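Biologist: I would like a close look at one part of this model. Please take it slowly and show me the structure first.

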Amino acid sequence: MPEKPQRYHVSSAVVVTRPDAADSVAAALAVMEGVEIFAVQDGKIVVVIEGRTSGQLGAVLSEISGLPGVFAANMVFEHAEDEEAFGDERRTDAA
C-alpha cells in the first residue's frame, strides 16, 4: 500500500506589538522554528508560519501571542497541500 503523502501547512499572521517592543519581539520571532518575518512597521510584524499540521501552526501562534510586548497575533491566511504536489522542482505547468 502506498505511503500517504505528508501534508505541508503554511499560514501568514500579523503580530501587533507595543511600538517600543517591536524590535525585541522581532528578535524573538527570528529564532522561532518555522517562523519567517516578512515586514516590521509601526509595531506590526507580518510573519509566515510553516509546519506539518494546522495544530502546530496554532501552537506557534499561541506562543507568539504570549511573548512580552505582544498585544495580538492573528492568523490571516492558511493553506495546506500534499508535499508531493510541489516536490518536483523541474515540473512546469506549461508542458
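Which residues in α1 are buried?

Modeller: This is a predicted model, so local features need pLDDT of at least 70 and side-chain atom pairs count only at pLDDT 80 or more, while totals for chains, interfaces and linings use all residues. Residues are numbered from 1 along each chain as its sequence is written, and side-chain values use heavy atoms, with hydrogens and water left out.

In α1, the buried residues are A22, V25, A26 and L29. Buried means under 20% relative accessible area, with a 1.4 Å probe and protein chains only. Helices (H or I, at least four residues) and strands (E, at least two) are DSSP runs, numbered from the N terminus. Seen down the axis of α1, the buried residues fall within an arc of 100°, so they line one face of the helix. The arc is that of the directions from the helix axis to the C-beta atoms.

What does that face meet? The buried residues of α1 pack against β1, β2 (35-41), β3, α2 and β4. Contact means heavy atoms within 4.5 Å.

Now the sheet. Its 4 strands form an open sheet in the order β2-β3-β1-β4, with antiparallel pairing. Two strands pair if DSSP finds at least two bridges between them. β2 and β4 stand at the edges, each with a single partner strand, so one side of each is left without a neighbour in the sheet. β1 and β4 run antiparallel and are joined by 11 bridges. H9 stands opposite A80 in β4.

Methods:
Buried < 20%, exposed > 50% of the residue type's maximum accessible area, 1.4 Å probe, protein only.
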